[in-house]
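Please give me a selection-by-selection tour of this model. I have it open in a viewer and want to know what to select next and what is there.

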Amino acid sequence: MSIFRSEEMTLCQLFLQSEAAYPVVAELGELGMVQFRDLNPDVNAFQRKFVSEVRRCEEMERKMRYIEKEMTIDGIKMDVTGVTPKAPPPKEMVDLEASLEKMESELREVKVNEVALKRNYLDLAELKEVLTKVQGFFAAHAQEPQTYMEDHYSVVPDNSAMTSGTSAVQLGFITGVIKREKVPAFERLMWFACRGNVFPRFDEIKNPLIDPVTGDEIRKNVFIVFYQGEQLKNRVRKICEGFHANVYPCPDTAQDRQETLTGVTNRLLDLNIVLAQTKEHRIRVLTNAKKELYVWRTKVEKIKAIYHTLNMFNFDVSHNSLIAEGWTPVIALEKVQAALEHGKEVSSSHAPNILHRMQTTENPPTYIQNNKFTSGFQAIVDAYGVADYGEVNPALYTVITFPFLFGVMFGDSGHGFLLFLFGLTLVLLENKLSGKGDNEIFNTFFGGRYIIMLMGLFAMYTGLIYNDCYSKSFNIFGTSWHSSYSNSTLRENTLLQFDPNQTFATGQPYPFGLDPIWQMTKNKLSFTNSYKMKMSVVIAVVHMLFGVFLSLINNLYFARPMNIFCEFIPQVIFLLSIFGYLDILIFYKWIAFSVQNLAQAQSLLLQLISMFLFESKSSELYNHQTNIQTILVILAFICVPWMLLIKPFILWFRHQAAVKRSQLPSASSQRGLVNCDDDVAANYVINVDEQVEVSSESLHSKSELPEFNFGDIFVHQCIHTIEYCLGCISNTASYLRLWALSLAHAELSEVLWNMVMRIGLSMNVGYIGCIIIFAVFFFWAILTIAILLVMEGLSAFLHALRLHWVEFQNKFYSGNGYTFQPFDFQHCINIPFDD
């Protein structure tokens, strides 16, 4: 597995016999090691050779979408087998189409019958409600018909005529069902349209009805409208039609209504039995489908992917063969050749399939093999930009440097342990959790489970270095300080000063990390700030210098000696002359000075200012300090014109020599030009990261040389020089975020402890304190997780990301490549149909 840089790639040309093309592409899809190129970019997708097969696959996908939708309605999940079937032969498409057609037809027939039965059941249920409500309505008013007539236009039950005094009124009625939300508008329109000459009554259906098509609940009301005359009857019916109200006939007499109600009830019972049987049949059909759907789906997706790939090939009519081109790793050539042989055997073809390696000047894709551990770090690097072909891959070093810089900023062994446990849990349960969740946030955390685990591990390590755990210290090795004050003095004073010359016991460094006594001191912040700030500067120089040396590896690999001489060497000298020297002073002060002679050690900031002002101090840190600093400053200043001027003028002189040689008539001059220098042999173009070179193809014509613009070259080099020189200063200052975030995390942790946990622990309320301390601990734990783990963890993650993308990778990494995307069935299957 190559993770240091991309695998060696080659452009291959495949000559496939027509009958062997399908099995060969199917085998290459299982292999997943060939990235095919589209040889028909100008051909419309509907005019390609295998467009009919692709459409057949899309039609089968449509049928499977319908089957899956029906399974979802009934809560049936597709059986996903552990073994993925291979791509079927082309003749199996007919069997797949027949099976899917039969399954879809059967499901649609069952669906239509079920909807028809449910619609019939709904009509009968509504009719039953109408009969029940009307029967109850007339029964309620049968005891006092005279009163009801006087109040409501002499309405008579059973729709019969009734005489009141000397006049008789003949009334009719219409019954039906309407949606509940339409009742107010329905009643209002009926009143205005009939001018108040009708008498409507409504009653709610308590149990919701079920829509036969959508399965949604429907709330409806039963209505009865009394009218007089044929004209009002027609108006009422038209209004009912306009509101899509269902009108049901209702017998006039109570006996007929009761008989009709009994018949409707019996029919509903029969329909319930039929619906249950229909449901069972539907479940049986879908149960059979769920066993085969995954296999069918996988096969159809593979067939479609194969024909889509075949549409990218050229068809040679004269030789009845297909011509394909694609990138493949050199290490996979034998497997690709074996796939060609396998395709020949499967198709029983007599003519061989040919693999031909092509020579090209195109930039190959970048193929870096990763596993589940390194894939998360590779994703961090690729988010900035994919490495150029052959360029050093930063992901190999990011595996260590990224969680380490995070740990330096997080810096708490307690919080780091919680983070480590979370990442470790995701790692241990990765087989159960893989592909189970649809939550994007959870999938992001799960994809970076190894990153989280390492971040927690390094946070524990740096927390032990800082001796910080939930804002408290471990007293593992005891303290190296002892008190020189008497017991009475200690009791009478809350603040005392220790003289290191008298109270520092050993005079030797603490065995590991910080002495725990600093946790209770008032000047703890000043001490840790100085320590962490110096440590940040040391890490900054080491990290940036490592990036510069990685550029040396790139230059050696691409054979760029000019870049080594004109860029790498002055960059290293410039960085070490200023900031490397600053790191040496830091370590020198730590080693050479103790509490006895600490007053003689001057501030490093003043030392750096005096270095650039060429000031000589009476008290030097070491002998000949002024002379050495002067030499280092002069070297740093020399490096600026070294990076700025030498490379553009060398390229200009080479261009002039190339122009003169191109004017010579002999071919030997051209050969001499091609071999004149390794920097001139590849490309004579202006590139933002490489020098101007001469194209070997253009040398076939003496009169044609690529354009050379000295001004553009000089401006580019000027920008590059200024960016590096100023970047060394700004990038070093940027690494001080390691100190700043570590300080912020420690202070927030201390504030949470003092403002929450300390108050709970200091309460003296007897047994009630047990309950209080549990509540306080719960509140403290929630704030710790929300603020220190989530928010501070995200902040430290983003800052570590910036330090890698900007301060580290810009020293050597261009990231202008493109990813190797082979034809692989693993990327084609298990994708939602909608995508």
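The stops below run from the whole chain to single residues.

**Ground rules.** The model is predicted: local features need pLDDT of at least 70 and side-chain atom pairs count only at pLDDT 80 or more, while totals for chains, interfaces and linings use all residues. Residues are numbered from 1 along each chain as its sequence is written, and side-chain values use heavy atoms, with hydrogens and water left out.

**Whole chain.** Colour by secondary structure to see 24 helices and 13 strands; these are DSSP runs numbered from the N terminus (helices H or I, at least four residues; strands E, at least two). Of the 835 residues, 45% count as buried. Buried means under 20% relative accessible area, exposed over 50%, and partly exposed in between (1.4 Å probe, protein chains only). Among contacts (heavy atoms within 4.5 Å) between residues at least 6 apart in sequence, 79% join residues at least 24 apart.

**Largest nonpolar core.** Select F402, M455, F574, L575, Y724, Y735 and L738, which touch the most other members of this 56-residue core. A nonpolar core is a set of buried Ala, Val, Leu, Ile, Met, Phe, Trp, Tyr and Cys residues joined through side-chain atoms within 4.5 Å. Centre on Y735: leaving aside neighbours within four places in sequence, Y735 contacts S536, A540, H543, M544, L803, E807 and F808. Apart from this core lies another, of 48 residues, among them Y22, V34, M71 and M78.

**Helix α10.** Next select residues 395-410, which form α10. Because 13 of its 16 residues are buried, α10 is largely enclosed by the rest of the structure. Just after α10, G411 has a positive phi of about 55°.

**Two loop residues.** Which loop holds H244? H244 lies between α6 (230-242) and β10 (246-248). H244 has a positive phi of about 55° although it is not a glycine, and is exposed, with a relative accessible area of 63%. Finish at A559, in the loop between α17 (524-557) and α18 (561-592). A559 also is not a glycine and has a positive phi, near 55°; A559 is partly exposed, at 38% relative accessible area.

Terms used:
The expected span of a helix is 1.5 Å times one less than its number of residues.
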